[in-house]
Amino acid sequence: MTRQLTGSPAATAQAVPAPQRRGRWSGRTRRDFFVFLALALPNLALIAVFTYLPLINNMYYSTLDWTLGSTSATVVGFDNYVNFFTSSDAPQVLGTTLIFTVVTVGGSMVLGLLVALALNAKVRGTTFARSAVFAPYVLSGVGVGLVWLFIFDPGYGVLSWLLRGIGQQSPQWINDPQLSLVMVIIVYVWKNLGYCAVVYLAGLQSLPKDVMEAASLDGANGFRRFMSISVPLLSPTTFFLLITTMISSLQAFDLIRIMTPLGNGTSTLIYEAYLQAFGAYNRAGYSAAISVVLFAILLIITVLQLRFVERKVHYS
């Protein structure tokens, strides 16, 4: 008869009871889950009802030949998309959208960074200056457009009055399509400059001071420190502003609507969609197709930025 030793692995396995598995849902886990649902479901429901449902409906409307206000519509498939991309207005609308977006995004970010550098200086009055720079961003676009329209008006505007005082004629800012786009770009950059400046200012104030002091001791001047240290360390801030300002510029509407109601030279994608649906055409299905094109462009740009541009971002 073979006797098994007490310290053998078999005896140890027999002596130690197998751990009991707990239930999949403990009381605390179940309570946390219901708390999560109570907090998240209202927000998810609002997003689904007011964002995703209109988006899906708009995609469906883009396949219809539907006049706004009519009770009947005809399914035309992708004809609205084909008509848009083959129309004579498509190159002008897409080109205007590209010019407006590139200039407003680049201008707001570059000027915002320069203003942030000035506001970062330790001098008197910087608090008031920061508030004054940021104030236009929180103002109503309608109010800003009306004020600047009074300035640019070639007949009775302030700029026209000043030019007549020195014997010059005012440019036709409103009637000339090219000047109309320039006018709207100037006002849009002025309005959104404070946003970029404040965000860049926060980034500048978060830079490690020891690195800047070490570079200064090594003999690097202010411009060299800015280009070699500040700009790379500000890349997360630049990346954030690039995404947010580009999305905002592609969706700019209020200033264009107030300053150029007919879209003379300022018909971006979003304003062209508005004119087609609520202007003289009442082509709701065609307008929905333009809106889907704008959504696709926004989605592609965002994905490309997250996929490729973020690689060059240096997170400290």
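Tutor: Before we start, a word we will need: a residue is called buried when its relative accessible area is under 20%. Keep in mind, too, that this is a predicted model.

Student: Thanks! What percentage of the residues in the chain is buried?

Tutor: The chain has 316 residues. Applying the cut-off of under 20% relative accessible area, the buried share of the chain comes to 32%.

Student: Is Thr237 buried or exposed?

Tutor: Let's find Thr237 first: helix α11 holds this residue. Leaving out neighbours within four places in sequence, Thr237 is in contact with Val199, Tyr200 and Gly203. Its relative accessible area is 14%, and the cut-off is under 20%, so Thr237 is buried.

Student: Which elements give two or more residues to the largest nonpolar core?

Tutor: Good one to trace on the structure! That core has 30 residues, and Phe84, Met109, Tyr200, Leu234, Leu241, Leu269 and Ile290 have the most contacts inside it. The elements giving two or more residues are α3 (79–86), α4 (90–119), α8 (177–205), α11 (235–250), α13 (269–278) and α14 (284–307).

Student: Which residues does Phe84 touch, not counting residues up to four places away in sequence?

Tutor: Phe84 is one of the residues with the most contacts inside the largest core. Setting aside residues up to four places away in sequence, its partners are Ala90, Leu269, Tyr286, Ile290 and Val293.

Student: How many residues are in the second, separate core?

Tutor: You can look for Val144, Val184, Leu255 and Ile256, which are among its members. In soluble globular proteins, nonpolar side chains tend to be buried together. The size of this second core is 19 residues.

Student: Are helices α6 and α7 roughly parallel or roughly antiparallel?

Tutor: Helix α6 covers residues 141–152 and helix α7 covers residues 158–165, with their axes 4 Å apart. Phe150, Ile151 and Phe152 of α6 meet Val158, Leu159 and Ser160 of α7; by class, this contact has five nonpolar, one polar and no charged residues. The angle is about 20°. Angles under 35 degrees count as roughly parallel, so α6 and α7 are roughly parallel.

Note on methods. Residues are numbered from 1 along each chain as its sequence is written. This is a predicted model: local features need pLDDT of at least 70, side-chain atom pairs count only at pLDDT 80 or more; totals for chains, interfaces and linings use all residues. Side-chain values use heavy atoms; hydrogens and water are left out. A nonpolar core is a set of buried Ala, Val, Leu, Ile, Met, Phe, Trp, Tyr and Cys residues joined through side-chain atoms within 4.5 Å. Buried means under 20% relative accessible area, exposed over 50%, partly exposed in between (1.4 Å probe, protein chains only). Contact means heavy atoms within 4.5 Å. Axes are lines fitted to C-alpha atoms, for helices over the stretch in contact, and angles run from 0 to 180 degrees between N-to-C directions. Angles under 35 degrees count as roughly parallel, over 145 as roughly antiparallel, 65 to 115 as roughly perpendicular and the rest as oblique. Ala, Val, Leu, Ile, Met, Phe, Trp, Tyr, Cys and Pro count as nonpolar, Asp, Glu, Lys and Arg as charged, and the others, Gly among them, as polar.
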